[in-house]
Amino acid sequence: MAALMELAHLERSFKVGRAVVWAVDDVSLAINQGEVLCLVGESGCGKTTTGKIAVGLLRPTAGEVRFGGQDIWKMNAGDFRTYRQAAQIIHQDPYSSLNPTQSVVDILSAPLLRHGLAHSRLEARQLSADCLRRVDMTPPEDYLDKYPHQLSGGQRQRVSVARALTVNPRFIMADEAVSMLDVSIRVSLLKMLGRFRDELGMTYLFITHDLAVAKFFAWDGRIAVMYLGRVVEVGPTPRLIRHPQHPYTKALLSAIPEADPVATREKERVQLRSMDVPSLLNVPAGCSFHPRCPLFEPGVCDQAAPKLAEIGDGVQIACRVAARGAGRP
Amino acid sequence: MQPTKPGQNKHIKDEVALSVANLWVSYQARRGTVKAVRDVSFDLRLGETIAFIGESGCGKTTLGLGLIRLLPKTAKIERGQVTYTRNGMGTQVLGMDDEALRVFRWKECAMIFQGAQNAFNPVLRIRDQVWDTARAHGETNAERVRARMLDLFRLVSLDPDRVINAYPHELSGGMRQRVLLALGLLLDPQLIILDEPTTALDILTQRSVIEVLRSLRNQIDFSLILISHDLSLAAELADRVGTMYAGCLVEVSDVYDTYYHPYHPYTIGLIRAVPTLSGERRDLISIPGSPPDLIDPPKGCAFHPRCPYASDRCCDEQPQLETVGLSHQVACWNWPAVVADRGARLVSAAKE
């Protein structure tokens, strides 16, 4: 199947004072229709920047974003608008991503009217009500005229999801969409997003720092792990969680505490050679993980940056040493 | 590392370091009185770590602040007793005057707040901030303070010479958090309260802070109160866990019981809602509804509107903590039904 969203050799730099920071460095990922790809990594690894590039909020310094096979930055105005409609966003913080001076119906009507899906206020109100039903806010009449401050955190995030759904998107980029929510409501939101995959064939780029959430949400999808602007490992979720291949993925998985006292206290930990996270202003030469990596080999890892390479079972890693261990050159 | 089984924790002493009895704290808001902490009682032994878990707004931070009376002006400790004991000498924290309280804070009890990495003065070197703290507590010998601080930095796995002369911005978030831990230990307090100590930190940094806390506990005798919404952090560090809901302590038990044999429907709900990394992907179940308004909490058990076990009694009468096992207390009328249910599930799972 052809990929719905293709990110090809993306690069993105930002100017920081006089210096230049490469937030995203040669990232290539493809997401099929109906698939979930989770992008995980620690803060500053470039996952949000990658997400913003995928939905066209940021223009890459180099590389291509292809949606349905077409480079979005070479589209004509009409196609670009269709793409913008098809690719929607759910933000992290429902407190700041909803306009406090607008009621729920205003928030949901704006995209409907903007994209011509509703031709009158009345029609927009009806369609907004349908969207609220889809996110289990029933009866919708109870919520349409409320303002964000009158809703709970979980309800606000549901309104954000409803807003993304108003224009019938095919692709949703969710950036830490459940991180701000309490555990008891987080699950229902994740399940709801999963349901849209089954019902609407929704495709997700799901960005999170929480690998346990990624495991739950993308069990039949894939996870891509980023470190300092590069993808270091991509693979099917069960495989990546159970048999991580890249030393950074291994370190992350071993470091995460778990809500299970025996498991978390008995877990074997990967010891890193250094706890210092390099600054993006001064990324180490070669593999950027090499100053911390337990597999570091002088002369190999500090030379050229390793490229992502397939090592079998749909797993790709960017590590020469681990790839050799996996039986490939 | 072998998990320590209940009762085998060498670092836990028999003496009670802090005893809290029937503590009530409320905030005065425009809409009415917010009852943030309601009738909380617990004992903390020397060397023990108790974690308070619960979702936002359940009163766990208010409880922590109330213990050292650092509450904002709008808050009021309605009633209760907080007894702090060191070397057999008991003191009533709620009865202390300002000067006694000033000495108590940091010398007896250090509290490290949420996002405390940002608690440093950005224009002062770490050594000056250390010295300020020591001097405020009557220390006059700068050399001794410096030597002690260097030792403590080593204890929290920091490079002492670099850190002591650094400005806060030269240190990473995890390093600042560890500096603060070391600073908390400077005056040799017996009680440390940590409020969400790793929330703003990255995974690998969080790991280093957890390891430091664990090794500190093995080397120094102090009691720890850990306040966190993160169930995995509590699983990793706590000896006992208290679950809070709507300002009340609804279950207190040994950490293993909390995760493997919880009795309170809310604790069960929390644990079932958290995804894990190890093992198969298990289905998660959310808790229906949302936490109650603390200005007008539901009558009876505050959890009853969301509880699958709720009965008529739960709507009228508030359950108190009752002892249900070795160091296990729960406030639920229907805990026998919860336990019977778990038994039935185990039997049916065994049959399959």
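Let's start at one residue: Leu122(A), which sits in helix α5 of chain A, the helix running over residues 121-134. Before going further, please keep in mind that this is a predicted model. So, is Leu122(A) buried or exposed? Its relative accessibility is 58%, and because exposed means over 50%, Leu122(A) counts as exposed. For a spatial reference, take Ser109(A): Leu122(A) and Ser109(A) are separated by 13 residues in sequence, and their C-alpha atoms are 9.6 Å apart.

Now over to another helix, α1 of chain A, covering residues 47-54. How many of its eight residues are buried? Six are, which leaves the helix mostly covered. By name, the buried ones are Lys47(A), Thr49(A), Thr50(A), Gly51(A), Ile53(A) and Ala54(A). If you follow the chain just past α1(A), you come to Gly56(A), where phi is positive, at about 80°.

Let's zoom out to chain A as a whole. The count of secondary structure elements is 13 helices and twelve strands. On overall dimensions, the C-alpha trace spans about 70 × 50 × 45 Å along its principal axes. How does the radius of gyration of chain A fit a compact globule? For 329 residues, such a globule would come out near 20 Å, and chain A has 21 Å, so the two agree.

What about the interior? Of the 329 residues in chain A, 55% are buried. Looking at contacts with a separation of 6 or more, 60% of those in chain A come from residues 24 or more positions apart.

Next, a word on confidence, turning to chain B. Its mean pLDDT is 90, and 97% of the residues in chain B reach 70 or more. Where in chain B does pLDDT stay under 50? That happens over residues 1-8, a stretch for which the model has eleven contacts beyond four places in sequence. A friendly caution here: where pLDDT is low, the predicted coordinates should not be read in detail.

Last, the complex as a whole: the predictor gives it an ipTM of 0.86 and a pTM of 0.89. Thanks, everyone, and I'm happy to go back to any of these views.

Methods:
Residues numbered from 1 in each chain as written. Chains lettered and ligands numbered in written order. Predicted model: local features only at pLDDT ≥ 70, side-chain atom pairs only at ≥ 80, totals over all residues. Heavy atoms only, no water. Helix = DSSP H or I, 4+ residues; strand = E, 2+ residues; numbered from the N terminus. Rg over C-alpha atoms; globule rule 2.2 N^0.38 Å. Buried < 20%, exposed > 50% of the residue type's maximum accessible area, 1.4 Å probe, protein only. Contact = heavy atoms within 4.5 Å. pLDDT = per-residue confidence, 0-100.
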